[in-house]
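Please consult the sequence and the structure shown below while reading.

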Amino acid sequence: MEGLTVSFRLPGATVRAVGGVDFEVRPGRCLALVGESGCGKSVLAHALLGLLPGNAEVSGRAWLEQEGQTLELLGAPQAVLARRVRGRAVGLIPQSPATHLTPVRTARAQLEEALRELGHPRPRERADELALRQGLRPADLDRYPHELSGGMAQRVANAMALAGDPWLVLADEPTGGLDRPLVDRAMDALRELCDEGRAVLLITHDLRAAERVADDLAVMYAGRLVETGPAARVLDRPRHPYAAGLVDARPDRAFVPIPGMPPELTRLPDGCAFAPRCASADAACAVPPALEDGVACHHPGPHRVSRGLPGDDPALTGASRAAGGPAARGLSGRDRAREGGREGGRA
Ligand SMILES: Nc1ncnc2c1ncn2[C@@H]1O[C@H](COP(=O)(O)OP(=O)(O)OP(=O)(O)O)[C@@H](O)[C@H]1O
Ligand code: NI
């Protein structure tokens, strides 16, 4: 994706929801896009699939490269997006799953219909398989949407997104309404998708969930990326003051909110959008910083961040503490690399 920009025209104002975002998601990898509510994460995902309303102006380029074929998504006609992209090459796990299910038909009817439309030969068996993979019992699919808890509706939506065997999965807050064990399970399911060779873009507020699954992290603020890099590095040693603030705001870390509020997207400051909330801001910040070497800041850290809740073993991260320490976990390759790196650092 290069220079993805989205503005919404409103009477008397323009909302600049996404302001020139570049990134890449590769097969077998998970990129987590994190940032506060309203920073443009869902708009970005919807732009890729041609799902924005008529008052949206989109510019930039986004190439979907699959099996030697390249499709530029932002300029693609709706018919092409409908036939080749949505639900097929790209699966979207929507942010409010319950609103995407029809109330008058069972989850199974809707999932099997999606599978039939995709030409699946055995929709019933495949629906059961998709349900089991999400930790649902096949019988749960026979419920109507109002009979599903929020967490179950979420898992039905996840199953629907995977029905077409997508190559790229856009998971927009796929853990809404799930408690921690189910969040962990949902993240492990995303990890499996990566390990099968799919690309995953995870959109989340939940840094602990991101830490569990993501290879790479992109931190978004007021429609722009402020820091990108390997997830473990960004979470351990963030360089942008906003990224450091997000880490310290984690409920399983210092739990200190970032002071102030994000700017209005109709009246963005001329310089760095984070400057009004930033302890390091000075005159240099009147000029908007470009993203260079993975950070968009005139005074990049490394910043010291909290390692755990007060009184906890500071050597353990939140995720490893919850799981009983690194040794207690079945570590993924990414985790092993990270833990290995840490051991290496100590030695
Ligand atoms: N159709 C629209 N018209 C005008 N503004 C819009 C429209 N859709 C979204 N916006 C604005 O774009 C901005 C980004 O919204 P978006 O939904 O992408 O945020 P988000 O990062 O996904 O937040 P959350 O974490 O709460 O889901 C918000 O300020 C929102 O109000
Ligand atoms: Ni959103």
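In which sense do strand β1 and β2 pair, and over how many bridges? In this predicted model, strand β1, residues 2–10, pairs with β2 in the antiparallel sense, and seven bridges link the two. Within this part of the model, Ser7 lies opposite Arg16 of β2.

Both strands belong to an open sheet of three strands, ordered β2-β1-β4, with antiparallel pairing. Its edge strands are β2 (13–21) and β4 (56–61), each of which pairs on one side only. From one strand to the next, the twist averages 10°. Helix α1 packs on this sheet and touches β1, β2 and β4.

A further open sheet has six strands in the order β7-β8-β9-β3-β10-β11, and its pairing is mixed. Strands β7 (90–93) and β11 (224–230) stand at the edges with a single partner strand each, so one side of each has no neighbour in the sheet. Here the twist averages 15° from one strand to the next. Strands β10 (residues 216–221) and β11 run antiparallel and are joined by six bridges; Leu217 stands opposite Gly229 in β11. Helix α6 packs on this sheet, touching β3 (30–34), β8 (168–172) and β9 (199–204). Helix α9 also packs on the sheet, where it touches β3, β10 and β11.

| α1 (residues 41–48) | β2 | about 75° |

Key
Residues numbered from 1 in each chain as written. Chains lettered and ligands numbered in written order. Predicted model: local features only at pLDDT ≥ 70, side-chain atom pairs only at ≥ 80, totals over all residues. Pairing = 2+ DSSP bridges. Helix = DSSP H or I, 4+ residues; strand = E, 2+ residues; numbered from the N terminus. Axes fitted to C-alpha atoms, helices over the stretch in contact; angles between N-to-C directions. Contact = placed C-beta atoms within 7 Å.
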